[in-house]
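Dear colleague,

Please find below the structure that I am handing over to you.

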Amino acid sequence: MEPPSRTEHNPPLYQLIFEHMLKRLEQGEWQAHDKLPSIRHLALELEVHRLTVFRAYKMLCETGKVYVKDKSGYYVSPLKDELQLTVTNLSSSTSSSSSNSSNSSSSSNSSNSSSFADIQRIPAHFQFSQALIDPSLLPNLYLSDYVKKVFDLYPKLMGTYATVQGDEELREMLSQHFHEQMGIQLTAEEMLITSGAQQAIHLLAEMLVGPMDAVLIERPTYSIAMDVFRSRGARLLPVDITEEGYDLEQVESLMHKYKPRLFYMNPTHQNPTGYTVPSWQRKQLVELAERYNCLLIEDDAFRDIYFAEEPPLPLFAYDTFGKVVYIRSFSKYVAPGLRICAVACRKPLIDSLVSAKSLVDNGTPLLNQKIFLHYYTSPRLQQHLGKLRIALQIHKEIAEEQLAAAGWQWTSPQGGLNLWAKLPDGIKTQDLLQAAIGQSISFMPGPLFDPLGKFESWVRLSYSFTNETVLREGVGRLVRLAERFGDEKG
């Protein structure tokens with residue numbers, strides 16, 4: 001497993017290991033005079049160089065947390081209760097002394113966030129890099145009607161703050177909706193409204209993930225989530241996802257060996273693959289989470305975008321021990337500008353989440369919440385969702401028709417907004433992207449979705465953002481460009 005990536009804003013790797021060990025000591029994993037893992041053993045466990053571990057142990061000795069026995073190893077200091085140096089204070093004291101030291105184990109992979117954002121900012125006529133819906137497919141006229149209705153119902157709305165946890169009326173409606181649609185027993189007090197799913201992921205990472213903590217993550221996965229966890233110094237442990245779901249033996253092995261803090265997943269019409277994890281695996285994943293004390297973060301952004309059968313129940317529906325956090329975003333297909341996301345989990349975690357959000361903002365804008373409340377429950381929108389599914393399925397089939405005769409490989413998704421496709425042999429996605437941009441075509445290269453930075457022959461094509469005519473022409477041009485590229489390579 002690769003160590004977390006370094007950027008100019010991140011501390012050196014040995015300091016992350018120091019903070020990781022400090023956290024384990026403060027949690028009581030070892031008692032006074034207990035022998036700590038050897039340098040060799042800890043280096044193998046964290047998959048870093050021994051010198052990096054040695055420097056972390058040296059810092060622990062300097063703070064009085066650990067002492068050394070000659071030719072025996074490192075032991076927990078009996079002064080544990082007396083020395084409570086914080087990581088924050090120590091960081092400032094060590095930064096100057098270590099400024100000239102090199103990090104022998106830093107990763108060569110840098111953060112993907114800038115590349116992801118840079119590609120999406122490219123002004124392309126054939127825009128296949130953004131997993132958004134063509135605004136012309138959204139019921140904009142309906143929405144304007146409900147904006148007027150909201151101001152009639154709440155004339156003092158603009159002079160009122162929302163509560164940090166979110167509008168109570170909205171939370172009550174969503175808890176009832178989840179019960180009616182999915183049989184989930186949930187109260188309004190077990191729900192938080194955030195400004196999009198990304199804010200929810202960020203809050204959870206800030207609360208739960210520290211330096212060198214293990215985090216399970218799908219491979220491939222949502223690029224921004226990887227960046228959020230990496231910014232916390234996490235070790236990302238990839239879990240392969242295929243059209244059959246996960247390899248549960250792999251999941252259990254990773255949970256047993258690394259004791260991860262959490263498993264971030266997108267099991268329904270997954271981004272970028274479109275795969276959906278079957279029901280039987282969802283039940284077993286919840287059982288594994290309970291057995292190994294691993295929190296499951298279920299990101300469910302595409303549940304309502306299905307083409308045939310409704311997807312399986314979320315993992316949250318099977319959770320009886322508070323081991324699943326359910327993130328349900330509505331931004332993609334209801335009204336992206338409102339940025340409404342519901343986070344559901346049990347106490348006491350929900351209370352901690354509310355406290356964490358209070359440090360970020362004073363609550364998601366109340367106007368947005370009230371508009372969404374009346375808009376989402378309207379018969380108009382529910383009827384429109386059925387029409388939207390048909391339109392997006394047509395978009396998907398147009399894209400697949402262009403790819404079908406050109407040697408591209410993919411699994412046809414049953415929902416979502418993307419195709420995850422393998423290029424013909426001999427073509428690398430970064431080379432094709434560079435050539436495609438010259439023809440005003442953009443897409444997302446596979447390595448951006450891979451914790452290991454590979455998938456160099458894969459691309460994500462979002463078929464939802466352009467109209468049918470532009471989509472057909474643009475994918476056709478991309479296919480012909482790839483054919484010429486392949487001929488030149490051959």
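Arg380 is partly exposed, its relative accessible area being 35%. In this predicted model, the side chain of Arg380 forms a salt bridge with that of Asp145, with N and O 2.9 Å apart. Because Asp145 belongs to helix α6 (residues 140–153) and Arg380 to helix α14 (residues 379–404), the pair ties together parts that lie 235 residues apart in sequence. Asp145 likewise counts as partly exposed, at 35% relative accessibility.

A further salt bridge joins the side chains of Lys370 and Glu169, at 2.6 Å from N to O. This pair also links distant parts of the chain, since Lys370 is in helix α13 (residues 366–376) and Glu169 in helix α7 (residues 168–182), 201 residues apart. Elsewhere, salt bridges with shared partners connect Lys23, Asp213 and Arg261 in one network.

Arg121 counts as exposed at 59% relative accessibility, and Asp118 is partly exposed at 39%. Over the whole structure, the search finds 20 salt bridges.

Helix α13 also holds His374. This histidine counts as buried, at 14% relative accessibility. Leaving aside residues up to four places away in sequence, His374 touches Tyr146, Lys149, Val150, Leu153 and Tyr154.

I turn next to the packing of two helices. Two packed helices are described by the angle between their axes and the distance between the axes. Helix α8 (residues 197–208) packs against helix α12 (residues 349–358) at an angle of about 105°, and their axes are 10 Å apart. The angle makes α8 roughly perpendicular to α12. On the α8 side, the contact is made by Gln199, Leu203, Leu204, Met207 and Leu208; on the α12 side, by Leu349, Ser352, Leu353, Ala356 and Lys357. By type, the residues of this contact comprise 7 nonpolar, 2 polar and 1 charged.

Several points of backbone geometry may interest you. The peptide bond between Arg219 and Pro220 is cis, with omega about 0°. Pro220 is located in the loop between β5 (214–219) and α9 (223–231). Another cis peptide bond runs from Asn271 to Pro272, with omega near 20°. Pro272 sits in the loop between β8 (262–265) and α11 (279–292).

Positive phi values occur at residues other than glycine. Met212, which is not a glycine, has a positive phi of about 70°. Its place is in the loop between α8 and β5, and Met212 counts as buried, at 0% relative accessibility. Asn293 also has a positive phi, near 55°. Asn293 is in the loop between α11 and β9 (295–299), and the residue is exposed, with a relative accessible area of 51%.

Where is Gly438 found? Gly438 lies in the loop between α15 (429–437) and β14 (441–442). Gly438 is exposed, its relative accessible area being 69%. Although Gly438 and Ala124 are 314 residues apart along the chain, their C-alpha atoms are separated by 9.2 Å.

Finally, I give the overall figures for the protein. The secondary structure comprises 16 helices and 16 strands. Of the 490 residues in the protein, 56% are buried. Among contacts with a separation of 6 or more, 73% are between residues 24 or more positions apart. The protein exposes about 21400 Å², and carbon and sulfur atoms supply 50% of that area.

With kind regards

Definitions and conventions:
Residues are numbered from 1 along each chain as its sequence is written. This is a predicted model: local features need pLDDT of at least 70, side-chain atom pairs count only at pLDDT 80 or more; totals for chains, interfaces and linings use all residues. Side-chain values use heavy atoms; hydrogens and water are left out. Helices (H or I, at least four residues) and strands (E, at least two) are DSSP runs, numbered from the N terminus. Buried means under 20% relative accessible area, exposed over 50%, partly exposed in between (1.4 Å probe, protein chains only). Contact means heavy atoms within 4.5 Å. Accessible areas come from the Shrake-Rupley method with a 1.4 Å probe; for residues, only the protein chains shown count as cover. A salt bridge is a side-chain nitrogen of Lys or Arg within 4 Å of a carboxyl oxygen of Asp or Glu. Axes are lines fitted to C-alpha atoms, for helices over the stretch in contact, and angles run from 0 to 180 degrees between N-to-C directions. Angles under 35 degrees count as roughly parallel, over 145 as roughly antiparallel, 65 to 115 as roughly perpendicular and the rest as oblique. Ala, Val, Leu, Ile, Met, Phe, Trp, Tyr, Cys and Pro count as nonpolar, Asp, Glu, Lys and Arg as charged, and the others, Gly among them, as polar.
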